[in-house]
Amino acid sequence: METKHWVVDKSVITHQHYPHIKEAADLIRNGDVVAFPTETVYGLGGQAKLDSAVEKIFQAKGRPSDNPLIVHIADQADVDKLAHSIPTYAYLLMNAFWPGPLTVVVPKKEGVLSERVTAGLHTVAIRMPDHPAALALIKESGVPVAAPSANRSGKPSPTAAKHVLDDLNGRIAGVLDAGETGVGLESTVVDCTGDYPVVLRPGGITQADIEAIAGKTDTDTTLKQKEETPKAPGMKYAHYAPEAPLYIMEGLPAVIQEKVDEWRAEGKKVGVLAAAESAAMYKAEAVITCGCRSDLASVAKELYGALRSFNEQPVDVIVAEAFPTEGVGAAIMNRLEKAAGDKWIKTK
Ligand code: TXA
Ligand code: MG
């Protein structure tokens, strides 16, 4: 299949201006799958009501079928068509953060969506993205759009159309390219089926942001303990990993450099993932910078691109600086730990 590549300008998107949006929306209406930008990462969209379209998403990504998809909408009123028994605090969160990087998990209305979207669960994950191309595409499609991140399963999520094409060229009908995404990490997934919100996947909206609107809030205990099965099925899979083994290390650059030197003495080619403040302090085969420690949002934005770029470097092993877990740092460290398969190097 030839994958179409439509370049659009984020600042002036309306479907009148953009026949591309119309073409992409027609493909979605016809049951094909198309990648599109959101404010978090690129998504791979298909009709959420159509089994065959949802099947194409799983096929293109190589995604395990027990991992449910997020349904994307362009109008908050559509939530009530897809879900029922939505608690008041969930509406407060939607009012506060939509459009934006928040996904709510709510009880689903039976018989509305393809069963494959929800992977047999009685809940559905819904979000309204904050990106003009995404909103225009969903509106023009006129259907709820199921969309996981537009990467091959296990790879870092795509923050640029190039990443989408690297993974999925020839496997999908097209990609709408509006340049780099903003947040750089996926949305915060919040379980809204209980008495108070529970964060299942940390993301661009922080726990403190949620608490400020909804009061009492918790985090899925499996994210803290790691033994049990997480409530967001996708959180149990290895993810975001570069090809070379990745380790995380706390401590000053001089201490991390000692480990780098040790590996190099063994003949290994070493990659270092470092914040801009310390990148120049390392001597290694590849030092890749990932935002500024003083601005964790910039680290979030650049993390996946940095992890991907190690695959273009001849490295045998990678060490990443650890980041603080305050604010969006919680999401950064959650993804970095997944990319590393939880491999830490203890400082002596
Ligand atoms: O920012 C995002 O959320 C991006 C963009 C494209 O919108 N999408 C995204 O989708 O990250 P995906 O499929 O890569 O991740 C969806 C996560 C998975 O961990 C999945 O298990 C969880 O949401 N999820 C989906 N439906 C769920 C449900 N009903 N209950 C619990 N977790 C659910
Ligand atoms: Mg994903």
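Reader: Is Trp-263 buried or exposed?
Author: Trp-263 counts as buried, at 7% relative accessibility. Buried means under 20% relative accessible area, exposed means over 50%, and partly exposed is in between (1.4 Å probe, protein chains only).

Reader: What sort of model is this?
Author: This is a predicted model, in which local features need pLDDT of at least 70 and side-chain atom pairs count only at pLDDT 80 or more, while totals for chains, interfaces and linings use all residues. Residues are numbered from 1 along each chain as its sequence is written, chains are lettered from A and ligands numbered from 1 in the order in which they are written, and side-chain values use heavy atoms, with hydrogens and water left out.

Reader: How many aromatic pairs are there?
Author: The count comes to two. In one, Tyr-240 and Tyr-304 are stacked, 5.1 Å centre to centre with 25° between the planes. Tyr-240 lies in the loop between helix H9 (221-225) and strand S12 (246-249) and Tyr-304 in helix H11 (residues 296-309), so the pair ties together parts that are 64 residues apart in sequence. Rings of Phe, Tyr and Trp (its six-membered ring) pair if their centres lie within 6.5 Å; planes under 30 degrees apart count as stacked, over 60 as edge-to-face and the rest as tilted. Helices (H or I, at least four residues) and strands (E, at least two) are DSSP runs, numbered from the N terminus.

Reader: Are those two tyrosines buried or exposed?
Author: Tyr-240 counts as buried at 3% relative accessibility, and Tyr-304 counts as buried at 0%.

Reader: What about Tyr-247 and Trp-263?
Author: Tyr-247 and Trp-263 form a tilted pair, 5.6 Å centre to centre with 45° between the planes. Tyr-247 lies in strand S12 and Trp-263 in helix H10 (residues 253-265), so this pair ties together parts 16 residues apart in sequence. Tyr-247 is partly exposed, at 25% relative accessible area.

Reader: What sits over the ring of Tyr-247?
Author: The charged end of Lys-343 does, 5.3 Å from the ring centre. A charge sits over a ring if NZ of Lys or CZ of Arg is within 6 Å of the ring centre and within 35 degrees of the ring normal.

Reader: Which sheet has S12 in it?
Author: An open sheet of five strands, in the order S14-S13-S15-S12-S16, with parallel pairing. Its edge strands, S14 (286-289) and S16 (344-345), each pair on one side only. Two strands pair if DSSP finds at least two bridges between them. S12 and strand S15 (residues 317-321) are joined by four bridges, and Val-319 in S15 is the bridge partner of Tyr-247.

Reader: New topic. How is the chain divided?
Author: Into domain 1 (4-219) and domain 2 (246-345); the bounds come from an automatic or database domain assignment. In contact are 23 residues of domain 1 and 16 residues of domain 2, where contact means heavy atoms within 4.5 Å.

Reader: How much area do they bury?
Author: About 1,400 Å² between them, 57% of it on carbon and sulfur atoms. Pro-156, Leu-185 and Pro-202 supply 41% of the area that domain 1 buries against domain 2, more than any other three residues. Buried area is the accessible area (1.4 Å probe) that two parts lose on being put together, summed over both.

Reader: And where is Thr-159?
Author: In the loop between strand S7 (145-146) and helix H7 (161-168). Leaving out residues up to four places away in sequence, Thr-159 touches several residues, among them Thr-40, Lys-301 and Tyr-304.
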